[in-house]
Amino acid sequence: MSQIVTADRDGIRILTLDNPPVNALSFALSAELLPLVRAAEDDANVRAVIFSGANGIFSGGADVNDFATEPTPETKTIRDVIAAIERGKKTYVAAIDGNALGGGLELSLACDYRIATTRSKVGLPEIKLGLLPGAGGTQRLPRLIGAQAAMQMMLKGESVAADEAKKRGVLDEVVEGNVVDAAFGLACRALEKEPKRRLSQRQAELGIPGLTANALPFVAAQAHKMVPPEDNGGFAAHKLIDAVEAAVELPFGRGIAREARLFDELVRSAPSAALRHVFFAERELGKIPGLPAAEPMKIERAGVVGGGLMGTGIAITFANAGIPVTVVEPSDEATERGKQMVFGMYMNQVQKGRMTQEEAWKRGQSVVYTDDYAELADCDVVIEAVFENMDVKKDVFKKLDGIVKPSAILATNTSTLDVDEMAAVTQRPEQFLGLHFFAPANIMQLLEIVRGKRTSPQTLATAIALGKTLRKKGVVSGNEFGFIGNRMLFDYSREAMALAEEGVPPYRIDAVMKDFGFAMGPFAMFDLSGLDVFWHIQQAKTEMKGRSNIVDRMYREKRIGQKSGKGFYRYEKGNREPIRDEEAEKILAEEAAAAGIAPREAGDDEIRKRLVYALVNVGADLLARGVALRPGDIDIVYVYGYGFPPHHGGPMWYADEVGVKSVYDDVLRFQKEFGDQWRPAPLLAEIAQSGGTFAAYTSKELVHA
Ligand code: NAD
């Protein structure tokens, strides 16, 4: 099927990209576009060429699937098309309506003029996939807007709205209405004056007032210092800076060659493969194997019970998605705090220029607090976020069940309690499930969608659709203790505690995990979420207790973390920066000694392996039991909910990267040395012994346990 529509108007050829959904510039599309560009060049009747896009978008960029395909000598890519434009003699105009991202913007940059509608956005987001713009973007954008501005835009992978892009000089014109008509007018005017404005003919400037291109080495050195280290998430950033340096330093042709070489290194690199895995895993989330087709219900009104920290965050999330929400909160004090939080959040958005006053007001008004459950009667979904206590929650659901309209879905935001046990107190267990948000709920992108034994396909389909509306990464989980994320976190925490009990100071364990790429180490995390939470969980689940009484002791001594100014670290007033605390280390040593745990040495490698492989082993178990449907789902949970370094792709991807066999061998070794908590999951053993990968694992169909 043809992916380009050709039309002629008064000697101007209009080539419209039509490769739904996002007009990806795939190898196939490029193979079709290249001869069309050449034909336009050869046709004496064609004076200018306009590129535009069908499907409400100019182009979302390259086809990410192609990155894993080894090109053959016959393969045509967008680079070939751009090279043909570059050699061509006609005038080229990009008529952008909707996004022009990545290769889409690079194609536009190869044109003489760029014109866009007000609703359009342009950007070079390749860095997010561990790549750099590889079709001339790193060489042309600096020539257009200056090296400094181009570098910033590409390092952030920013999408810039049309008006702003015009201000920065990326676009020539921004129009309302039909962009192809406007581009036609622009082409006619351009043909009367100077016909060509290829960026390759220009010299790139730094774009910093008072500095000439001589200052380039200094500017580049600064930039290298500003981005993460090469082996910890900054791999692509450093190469991108090198490419921009080449744009200023080298003639255009050599700069393009340098860019291509750097791009090829990145596309073959492990960090980029991991980031692309995360990208694809996200796209899989909504697909549930074996789920009978079911039409999602419309969610037009939402309710939340419990307006504390989580309830308020959840309410803001609904308001942001344009769904009015009623919050039932009995305590005046909590209501006041909740309202302040909503108000403060929107004020902040206005102050930062991210929202107009009007919009902020409208959204703020769509969150209503009440102490009367009856006001929830018309809601399509109600999410419970009261105290983590089964009896309190059961009471709430009994009450809700009698008040809320029969078609509505009831959901719990519990972190650790049994979803089925709550569902059983209602008359609608089919319309019951867990919607586990992460704190702060209006910021964290992860949402675990917990299906109970009796959750109906329609309820599940509605929750998945709702997750998308709320702009969350909705991962379906079984009703396991702790679901996917916290269930795995328990084993991770167990190993962190065990290491500390063996005498490795918390700050060292945290440093190793930060070096690996985690946003924070386990002990900083315990202090942040509060050891009281941990203590309560241990009370409810005694098998969660470690070998020593360390959590008990910390709780008793009010060392519960940031909230009390000390935990595994100490904190100065008003500062969240953890400071090493020898007092805490002494307590750890005392409790370990009392429990008969002998101190031992552990190298950085062992620390990293014990923490990450604990995640892999329990992850394999969750997969085999169908609690998680795919390895990629687990990876999304960890990357978006727990700060796992995306450039390692998530725990399951990382196991593949290291080699499942090698992970398995270490797990066996740990089992011998530390005990049966390290018994290898059967699926881990199976994959290791067959020389396979988690990536090749095919999920079972959705089964209701
Ligand atoms: P919180 O203490 O801040 O808020 C709970 C609120 O519920 C309080 O304001 C309380 O007044 C209200 N409440 C209590 N009983 C009620 C009732 N019968 N009807 C209406 N309101 C009632 O607690 P939180 O941190 O927001 O946690 C709420 C739930 O979310 C818990 O189940 C918790 O496990 C879960 N959760 C918490 C986090 C987190 O990081 N804090 C993350 C995910 C899930």
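R471 is exposed, with a relative accessible area of 57%; here exposed means over 50%, buried under 20% and partly exposed in between, using a 1.4 Å probe and protein chains only. You'll find R471 in the loop between α17 (457-469) and β17 (473-477). Its phi is near 60°, a positive value in a residue other than glycine.

Before going on, note that this is a predicted model, where local features need pLDDT of at least 70, side-chain atom pairs count only at pLDDT 80 or more, and totals for chains, interfaces and linings use all residues. Residues are numbered from 1 along each chain as its sequence is written, and side-chain values use heavy atoms, with hydrogens and water left out.

K558 also has a positive phi, about 55°, although it is not a glycine. K558 sits in the loop between α22 and β18 (569-570).

| Residue | Loop | Relative accessibility |
|---|---|---|
| R471 | between α17 (457-469) and β17 (473-477) | 57% |
| K558 | between α22 and β18 (569-570) | 61% |
| A424 | between α16 (419-423) and β15 (432-437) | 61% |

A424 is 185 residues from K239 in sequence, and their C-alpha atoms are 56 Å apart in space.

Now for the whole protein. It holds 28 helices and 19 strands; helices (H or I, at least four residues) and strands (E, at least two) are DSSP runs, numbered from the N terminus. Along the principal axes, the C-alpha atoms fill a box of roughly 85 × 60 × 55 Å. Buried residues make up 55% of the 705. Among contacts (heavy atoms within 4.5 Å) between residues at least 6 apart in sequence, 72% join residues at least 24 apart.

Which residues does S493 touch, leaving aside those up to four places away in sequence? They are F526 and F534. S493 itself is in helix α18 (residues 485-501), and at 1% relative accessibility it counts as buried. F534 is one of the buried residues of helix α21 (residues 531-540), along with L531, D532, W535, I537 and Q538. The cover over the buried residues of α21 includes α18, α20 (522-529) and α22 (550-556).

On to the strands. β1 (residues 4-9) and β2 (residues 12-17) pair in the antiparallel sense over six bridges; two strands pair if DSSP finds at least two bridges between them. R9 stands opposite I12 in β2. Two residues lie between the strands of this hairpin, and D10 takes a positive phi near 45°.

Elsewhere, an open sheet of three strands has the order β5-β7-β8, with mixed pairing. Its edge strands, each pairing on one side only, are β5 (100-101) and β8 (159-161). β5 runs parallel to β7 (residues 121-123), and two bridges join them. A100 has V122 in β7 as its bridge partner.

Finally, some cis peptide bonds. One joins P20 and P21, with omega about 5°, and P21 is in the loop between β2 and α1 (27-42). The bond from A439 to P440 is cis as well, with omega near -10°; P440 is in the loop between β15 and β16 (446-451).
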